[in-house]
Amino acid sequence: MWPFTSSNSLLIASHIQARDALIASAQDRLGLHPSPSEAALEAEILSSDIETITSGILDKKWTSTRVLQAYIRSSIRAQERCRPLTEIYYEQALKRAAWLDAEFQKTGKLVGPLHGVPLSVKEQYALRGTHLTVGFSSWIKNGPTDHTAAIVRLGEHLGAIPFVKTNVPQTMIAIDSRNPLFGQTSNPWNPHNICGGSSGGEAALLGADGSAAGLGSDIGGSLRVPTGFCGIYALKASGGRYPLHGGPAINPGFHAIHVVAGPMARSAKDLEVLHRAYIEALHPSDLSTIGDLSIRQHQRRFGAEAMPHLPLHAKWLDDPLGAAKARNGGKGKLRIGYYVCDGFNRTSPACIRGVLEAVSALQTAHGDNVELVEIPHTDLQIVKSIRIFNGLVSSDAFANFRKHIGTDRTDSALFVMFLVARVPTFLKVLLLSFVRFFLKDPSFAAAGGTAGRKTAGQYTSTEGEKDDFIEAWEERVWEGYRLDGIIAPVFPLPAPVVHGTDEISICASSTFLYNVLDTSVAIVPVTRVDAKVDRATYKDRSPLWGPQAHSDIARAAFKSTSGVLSWRIYSGKKALYNAEQSHGLPVAVQVITRPREDEKALGLMRLVDSALPPMHERGFGPGAYTRWAQKKNI
């Protein structure tokens, strides 16, 4: 399967054939499109948010089975468009939908807040009766799993219906979603562009209206980058809020950077519904609801690992303006920091515009209650965060990741990453000196200097640097500017073309920073690339990078960015940023809060989302893709 070769090619072919047979069987049974008499109802289902889906079931407007059938059809259409699906669970899901319908008919009550909601899950989460391969062809031999991941079991407890699993990159540490088993997943809005990774299949499916709700994970941007590329919403929670147990042991024992699970959705409202439901179920505010069980015993009901009890902080979720105003004797204001450039990545005009439109909308809608503060790049210290992140995640030269690849060919997105981590020290010094002194790019040289195998002492020393970095960052930024949140780019450019990130994985430093800090981050889609206003090349530089920069702070940040990265992204016929080719692709922002402030991140995200033009005008939300595809005759 291009671009991979594998001695497991027959095994791969057999597995894909079995998956496609399940898809074909469902298509034969349900059809690819609804009948003319059902078309209007199906369009309404696909355009409904989670609460509308569940209230429609409660009001007997439709059944769980009818809702699931609509999403099965839509997921099959998404598979034809951008290939996000890995494992198919249609038959089991239809049986569960029938059971939910029977329970509702018998009791007249919904089993939970997600009753009848079709739920897609990232390939890393086990789903009993399906394979758990995360794209490694040799893992097919393990056979179907006999268990379901805790986060999926929790969804079932709430009434959701798991029905498909979605694609990931090889090893799950790339910002594309491609592997030798399931191939390339592309962007639903333009199949020539990537969907991002590692939760890319999930983002692509949700972006294409192929699911009503999804589950992903994040260690370096894995939730946020694909969410931004595909025009949906997601929450990167702080560690300890969502369970991870039941996933694959790709890099066992590594805890220096937290892997975190999180919900993905098509609207801010849906993301809030998912978060409330999950957190109230796993971290109940009212302990009387779990009877005589301890919190740990309650967590074990779902197969979750031992987790701190972190119940919902509703005030910031319900009313962030009111929560802020309650401070300072009822005169408090929200203080929101922002930046358009981190001083390392040269942010594209489209992504600059995304931040500025979000900030402007917030100022216009809530100017009397919000104070905006632009953050200098020197306070972010992005290069130091890259050095810490790279130093920790590559501390075994990626040996744990590489051993699972087996006879599969290593993906091109991983080649540079793996190579740099294994280059002998003397050669690395020579290469980085060349970059620093000949190419005159000290920031790029510094960022790449810590990757590679480490002794135990070097590893613990890097851990110590991380601890010091977190403490200093909190004092300098959160406390120094007295911030409630920060608005920032997700990535320096919109979704690049397929293979476009093979050489620039370091650009995910836009998101690395907040993994090192373990902050809460929500993603909100703001706008779309406009070929007329977002043009820029290395030679024909955007005025937003210089004389017409947003401010002196922004101008200084752009001046310090990596020349090597800027050249690769904006130079020549193979430039990775091309506003004409990217026209119409989503542009999103990160909304960041301090660690363990997930509800505040969601509250601020909703505040930004509601301040912007309505979702349907921006081309986002439930049903947006379906309406767009119909107009385009796709």
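This briefing walks through the overall build of the chain, its salt bridges and a few individual residues. The model is a predicted one. Its protein chain has 26 helices and 15 strands. With a radius of gyration of 23 Å, close to the 26 Å that the globule rule gives for 634 residues, the chain is as compact as a globular protein of that length.

**Overall build**

- Along the principal axes, the C-alpha atoms of the protein chain occupy a box of roughly 70 × 70 × 55 Å.
- Buried residues make up 62% of the 634 in the protein chain.
- If you look at contacts in the protein chain with a separation of 6 or more, 80% come from residues 24 or more positions apart.

**Salt bridges**

- There are 34 salt bridges in the structure, and the pairs below are among them.
- Glu-42 and Arg-73 form a salt bridge whose closest N and O atoms are 2.7 Å apart. This pair links distant parts of the chain, with Glu-42 in helix 2 (residues 39-46) and Arg-73 in helix 4 (residues 64-82), 31 residues apart. Both Glu-42 and Arg-73 are buried.
- Arg-178 and Asp-411 meet through their side chains in a salt bridge of 3.0 Å, N to O. Arg-178 sits in strand 4 (residues 178-179) and Asp-411 in the loop between helix 16 (399-405) and helix 17, so the pair ties together parts that are 233 residues apart in sequence. Both Arg-178 and Asp-411 are buried.
- Asp-209 and Arg-266 also meet in a side-chain salt bridge, at 2.8 Å from N to O. Here too the pair links distant parts of the chain: Asp-209 is in the loop between helix 7 (200-207) and strand 8 (213-218), and Arg-266 is in the loop between strand 10 (260-265) and helix 9 (268-282), 57 residues apart.
- Asp-209 has a relative accessible area of 1%, so it counts as buried; Arg-266, at 2%, is buried as well.
- Glu-38, Glu-42, Arg-66 and Arg-73 belong to one network, joined by salt bridges that share partners.

**Arg-353 in helix 13**

- You will find Arg-353 in helix 13 (residues 349-366). Its relative accessibility is 18%, and because the cut-off for buried is under 20%, Arg-353 counts as buried.
- The side chain of Arg-353 makes a polar contact of 3.2 Å with that of Thr-527 and another of 2.7 Å with that of Asp-534.
- Setting aside residues up to four places away in sequence, Arg-353 touches Thr-527, Arg-528, Val-529, Asp-530, Val-533 and Asp-534.

- Ala-421 lies in helix 17 (residues 412-422) and is buried, with a relative accessible area of 5%.
- Apart from neighbours within four places in sequence, Ala-421 is in contact with Ser-394, Ala-397, Phe-398, Ala-451, Gly-452 and Arg-453.
- Ala-421 and Ala-324 are 97 residues apart in sequence, and their C-alpha atoms are 45 Å apart in space.
- Val-416 is also in helix 17, but Val-416 counts as partly exposed at 37% relative accessibility.
- Together with Phe-415, Leu-419 and Val-420, Val-416 forms a nonpolar patch on the surface, and the four share about 330 Å² of accessible area.

Definitions and conventions. Residues numbered from 1 in each chain as written. Heavy atoms only, no water. Helix = DSSP H or I, 4+ residues; strand = E, 2+ residues; numbered from the N terminus. Buried < 20%, exposed > 50% of the residue type's maximum accessible area, 1.4 Å probe, protein only. Polar contact = N/O pair within 3.5 Å; in protein donor to acceptor, adjacent residues only side chain to side chain. Contact = heavy atoms within 4.5 Å. Patch = residues over 30% accessible without salt bridge, like charges linked within 9 Å, V, L, I, M, F, W, Y side chains within 5 Å. Areas by Shrake-Rupley, 256 points an atom, 1.4 Å probe, with all protein chains shown as cover. Rg over C-alpha atoms; globule rule 2.2 N^0.38 Å.
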